[in-house]
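Please consult the sequence and the structure together while reading.

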Amino acid sequence: MKLKRLLLIGVTILMLADFVGRGVFEAWSAEKNDFSDPYCGAWLWRHAQNPYDVALATTTDISLAGSHVKIVPVYPLTTYVLTAPLSLVPWHVANVVWAILGTAGVAVIGLSLVRLLGCTAETDVFWLVVGFVFAFAPFHTAVHVANVAVICLALCVWAVYLASTGKEIAAGVALAVSIGLKPQLGFWILLFYLLQRRWRLFVTVALIGIVLLGIALVRVPMPVASIFRSYAENLHYWFGPGEQNDFTAANPLRFQLINAQVVLYPLVRTVLRANVLSWALWLSGSAVWFWVFLRADGESGTLALTSLLALSLIPFYHRSYDLGVLVFALCWCLSEDRECLKRPARVTFLLLLVLLLPGQSVILRTQLSLPGWVNSSWWWNVMVAPYAVWTLLALNLVLLHALLRAGRSPRKKADHDGLAVGNVPG
């Protein structure tokens, strides 16, 4: 066995140990994490109470988990429907099960990607993909904080694999559950398949979504308007000045965010201008994407899907663990063999390596011990601390450039990458 393969296997084992040690084992004693919202919200929904009532959610968390940290629920009702079975067991049991599901989700992502690539354990590419996935910082962050993102992404990647094999209904089920858990990730994959006229897949997702929403509304207390009012208040809490989703300097934790406003706000100095510029970047990039997509008559492969997903991270609220969706870019890099796109694929791979290590976590831990002049300097706030945002913007440029070059290629079909994401008729 080659030394390189042995090193990749070693990295995989070490990273798996990190998932188990800092994710599963620590879940036994955790009183508050990102799973607290779905767990308490699901418990309240199951008992026909308002899951968005902050006082109720906090009291429930005190009673069930012994934590006195304020709970402000913001997940959609469908999340509480899907996580309701876990609310039937005690918090410490449900939390460990959730951590195990997150770790298993990382394994599912790696398995799905190597199946998309069609490689076996006897190849270096197999272990490169698996090693990269298990070492990818966004997945470690998601598992350690017990965020739903890693489970959602596992379902997304699995759905893409199923769709590539023509299993449209099974893919629709996986994608529907993913969207039900966290809509802002799986929605863009659904849009991609809708544009490709994959009707069976789309109808499957739509029907399951309607059923989930119907089940959710049956258990909420009346009037329903009070539910939405509470939800709007909770959103305002999280996105208010100085809160954890605020991208301005008032939020010391803003470097966990990856949307473009984080780097634009220090440059333009107003929230409105930062939002306008972010949306302008997204709209211009989307216009290029749609132009290439329409010229290809909807025959688009993994490069087009990857580019669409990367674009979706620009203007909308996202945290570092949502960068996990970029594993599709890794898949494209390792499958691309056309001479004209070798350089964009290599640049994409290098940019992914920048995101591989937990740089954002290091920055957040060290900034409190840095001198005040560093934390207030323009180069720290614009260039260094939000490096992940700049990496994401650069990745978008590279992917759009590659998409344009692929569209000019004599080969009309964009499924050249071997993943057959879009070559199965709906």
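Axes are lines fitted to C-alpha atoms, for helices over the stretch in contact, and angles run from 0 to 180 degrees between N-to-C directions. The model is a predicted one, in which local features need pLDDT of at least 70 and side-chain atom pairs count only at pLDDT 80 or more, while totals for chains, interfaces and linings use all residues. Residues are numbered from 1 along each chain as its sequence is written, and side-chain values use heavy atoms, with hydrogens and water left out.

**Helices 9 and 10**

- Two packed helices are described by the angle between their axes and the distance between the axes.
- The axes of helix 9 (residues 168–181) and helix 10 (residues 183–195) cross at roughly 145° and come within 7 Å. Helices are DSSP runs of H or I with at least four residues, strands are runs of E with at least two, and both are numbered from the N terminus.
- In contact, meaning heavy atoms within 4.5 Å, are L175, S178, I179 and L181 of helix 9 with P183, G186, F187, I189, L190 and Y193 of helix 10.
- This contact of helix 9 with helix 10 comprises 8 nonpolar, 2 polar and no charged residues. Ala, Val, Leu, Ile, Met, Phe, Trp, Tyr, Cys and Pro count as nonpolar, Asp, Glu, Lys and Arg as charged, and the others, Gly among them, as polar.

**The whole chain**

- The protein chain contains 21 helices and 0 strands.
- Its radius of gyration, taken over C-alpha atoms, is 21 Å.
- The C-alpha trace of the protein chain spans about 60 × 55 × 50 Å along its principal axes.
- Of the 426 residues, 54% count as buried; buried means under 20% relative accessible area, exposed over 50%, and partly exposed in between (1.4 Å probe, protein chains only).
- Among contacts in the protein chain with a separation of 6 or more, 75% involve residues 24 or more positions apart.

- V114 lies in helix 5 (residues 91–117) and is buried because its relative accessible area is 2%.
- Not counting residues up to four places away in sequence, V114 touches C119, F126, V129 and V130.
- The C-alpha atoms of V114 and V125 are separated by 8.2 Å, with the two residues 11 apart along the chain.
- S164 belongs to helix 8 (residues 149–164) and counts as buried because its relative accessibility is 13%.

Conventions. The radius of gyration is taken over C-alpha atoms; the globule rule is 2.2 Å times the number of residues to the power 0.38.
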